[in-house]
Amino acid sequence: MDLEFGAAYQDFKTEVESFLAQHWPPPKGATREERKAATAGFRLAATEAGYIYRNVPRAYGGAEQPPNVIKAEIIRRAFAKARAPMEVPGNGVALLVPTLLDCGADWQKEQLIAPTLRGEITWCQGYSEPGAGSDLASVRSKAELVDGQWVIHGHKIWTTLAYESTHMFALLRTDPSTSKHEGISYILLSMKQPGVTIRRIRQISGQSEFCEVFLDGATTPADWIVGEPGKGWQVSRSTLKHERNMVGGSARTQAQFDSLVRLAKTTVRNGRPVSEDPVVRSRLATIEGAVKAHTYSAYHQLTKDAAGEPLGILLQLNKLSSTEILKSIATLAQDILAENGLHMPPSEGGTAKDHPELWLNQIFGSLALSIAGGTSNIQRNIISERGLGLPREQGV
Amino acid sequence: MDFDLSSEQKMLQDGLSEFLSKAVVATRLVQMDGAEVDALRATVDAALFDMGLAGILVDEAHGGLDLGLLTLVVVAEELGRHAAPSSAIRNALAAWVISSSGSEAQKTRWLGGLLDGSVRAAFAVQEGDSWSPEAWTSGLDGGPLNKRNVEGGADADLLIVALGGPKLGLAHGAGITRKEPRPALDTTRPVVDLAIAPEAIEELQGSERLAAPLRDAQLALLAADAYGAGQSAFDMSVEYAKTRTQFDRPIGSFQAIKHQLANMALEIHPARFLAWYAAHAWDAIPADVEHAAALAKAHVPDVAVRTARATVEAHGGIGYTWEYPLHLFLKRAMFDRVAWGGVEEHRARVATLSAW
């Protein structure tokens with residue numbers, strides 16, 4: 001066991017750090033527009049240097065680096081330390097690009113990947129429907145080939161950031177004679193057209209990132225389909241796999257735990273910091289046990305992955321583990337906030353110092369994690385069936 | 001970055017697992033009386049000492065293997081996983097204590113026997129209700145030292161005795177009075193209260209610097225043992241869910257059982273790594289060892305007991321019987337939870353060591 005990266009990686013770490021020192025941050029006092037341009041320029045340079053978009057070929061605007069989880073971890077840590085932006089956040093880079101690389105036609109890769117990596121095309125995920133949540137294969141929204149284009153009718157829901165997205169990747173039924181997994185296709189469409197209506201959903205957090213999307217005669221060209229018609233379910237599986245990897249990271253749980261400790265140390269009750277309360281100390285230590293176990297599990301998976309060994313059940317535990325840890329952080333945070341949490345946070349701006357109620361965003365956001373990207377109960381099915389080898393429930 | 005066992009450690013683990021699964025048959029172990037458990041312990045120890053495992057922490061100059069605590073944690077995991085009675089861990093720690101601080105005479109007298117198993121060691125630590133070195137007060141200028149709950153104390157040839165300071169001493173022979181033993185919770189690890197005459201104790205020179213590392217090593221080893229026991233109970237429960245049928249189908253096909261087992265998996269699998277990390281810190285990251293060992297001892301036995309209790313529930317009635325060996329692992333984890341201080345004591349230490 002050795003938690004250092006070793007002499008072989010020291011040169012690489014130095015190289016990344018000197019790259020960051022040279023390219024980030026943009027000069028102080030930059031305007032919002034200048035900062036945006038600087039971020040875009042930084043991402044291009046970081047791609048050129050091989051630090052982001054590592055698994056995307058050069059031809060499609062990526063860095064095309066051989067897989068190396070150790071280097072990827074060194075990059076992640078160095079960028080986090082420098083507070084430098086990594087890949088463009090969102091569904092396009094995290095979910096669609098890997099899917100196109102796995103299953104896309106050549107022209108799709110050539111024309112769609114590079115602008116997605118630059119953030120010029122942004123994607124929302126058109127999966128869930130009012131009648132198709134955990135049972136995603138019951139989607140009913142349909143696409144029909146009419147005069148060389150797909151004509152789409154249906155109703156998607158929980159579509160994150162639909163209002164800021166230029167495009168959608170959607171699961172649509174293209175063969176109405178079939179049900180469930182057969183007859184679904186993975187289709188791409190523009191969100192900026194008359195047949196698309198978006199209604200933002202107000203969430204319990206007061207925010208409205210999730211949307212309903214009504215598709216009423218929306219159209220898209222016949223070749224904007226990924227994979228064969230009727231094979232959309234299989235295509236979407238690769239996307240779900242990537243999504244689970246994305247939300248499993250242990251860096252977020254450690255960062256939120258550190259914030260919780262700061263909250264406990266800076267909140268004063270009865271003239272003393274709350275962190276001096278023995279019950280709070282015990283609860284913090286209880287959470288830290290789970291946080292560190294989760295972190296070391298990630299280190300172990302990193303080690304196994306680098307050695308090309310299977311990760312086993314640990315991989316399937318990642319998302320539920322994060323979700324449960326963030327839940328326990330939320331619970332203690334609410335007790336520490338007490339009456340400071342009786343007001344909703346400002347919708348924009350404000351610092352944690354002046355607005356402790358900003359913690360409500362974590363408290364509610366941690367609940368969203370138990371639903372989005374495969375609910376916690378679906379995770380438990382996956383853990384028990386794929387991880388433990390228990391039989392599927394009969395009739396499902 | 002390498003957060004895994006080395007190939008040697010994996011080989012050791014496989015070898016131990018293969019041996020212990022034959023030597024320690026849980027369904028027989030539950031029926032054994034004290035004498036039969038002692039005989040089984042002798043069988044297990046014969047093999048473990050033959051492999052040199054008592055020398056894992058001892059440097060090569062003193063006849064040991066010098067492999068570090070993580071390797072001993074692998075042994076503890078496997079002993080816990082098989083609910084195996086053994087003196088090997090106690091001897092390994094005692095040999096480390098003596099090789100690190102004993103006089104030449106003490107080393108000459110004891111080390112060889114501790115390494116080959118002809119001398120059995122036990123740790124006489126607990127005073128009153130405390131195991132913590134900060135609370136050790138026993139002095140050598142008063143009446144007999146009362147030490148409670150000494151694992152292996154009934155037939156130990158050599159005691160490592162916790163003294164005020166905190167320091168450590170050696171005791172053996174006459175002058176050690178064993179109190180009447182009571183039925184043990186964990187039949188593989190009976191404990192006994194002792195009274196030790198001060199004149200029977202030789203102080204170990206320079207042992208002040210060993211008190212905290214000894215405590216930290218014990219905490220990591222108890223955490224590893226608890227993980228092994230909890231994982232074993234969990235594995236039994238998964239297998240049972242696949243084979244036990246009710247309503248004409250395996251109970252493991254019901255979501256109620258599946259989700260219970262998934263929740264257990266979520267806690268027990270990653271808990272292992274806290275014990276690994278604590279041991280690695282003991283070996284290589286001294287600044288982090290106290291916190292890591294306290295966190296492992298606070299978290300892992302807590303998870304292991306919760307898991308083992310849940311496996312009894314998931315089994316149903318059979319899990320509540322003496323003849324079905326699930327309770328061996330529950331009781332093993334319960335022992336690990338108590339020895340060297342309980343969950344809340346170590347959580348409080350985690351908080352203090354973190355400067356919260």
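Student: How many bridges join strand β4 of chain B to β7(B)?

Tutor: This is a predicted model, so keep that in mind. Strand β4(B) covers residues 167-171 and runs antiparallel to β7(B). One spot to look at is G169(B), which stands opposite E203(B) in β7(B). The count of bridges joining β4(B) and β7(B) is 3.

Student: Okay, and which strands of that sheet in chain B stand at the edges?

Tutor: Start with the order, β1-β3-β4-β7 (chain B), in an open sheet of 4 strands with mixed pairing. Each edge strand has a single partner strand, so one side of it is left without a neighbour in the sheet. That picks out β1 (121-124) and β7 (201-203) of chain B.

Student: What does the twist average from one strand to the next?

Tutor: We're still on the open sheet with the order β1-β3-β4-β7 in chain B. From one strand to the next, its twist averages 30°.

Student: Which helix packs on the sheet, and what angle does its direction make with that of β1(B)?

Tutor: Look at residues 88-101 of chain B, which form helix α5. Helix α5(B) touches β1, β3 (158-163) and β4 of chain B.

Student: Now the contact between the chains: which element gives the largest share of the side of chain A that touches chain B?

Tutor: The contact takes 46 residues from chain A and 36 residues from chain B. Elements giving two or more residues to chain A's side include α3 (69-82), α8 (278-306) and α9 (313-337) of chain A. The largest share is 18 residues, and it comes from α8(A).

Methods:
Residues are numbered from 1 along each chain as its sequence is written. Chains are lettered from A and ligands numbered from 1 in the order in which they are written. This is a predicted model: local features need pLDDT of at least 70, side-chain atom pairs count only at pLDDT 80 or more; totals for chains, interfaces and linings use all residues. Two strands pair if DSSP finds at least two bridges between them. Axes are lines fitted to C-alpha atoms, for helices over the stretch in contact, and angles run from 0 to 180 degrees between N-to-C directions. Two residues are in contact if their C-beta atoms, placed from the backbone, lie within 7 Å.
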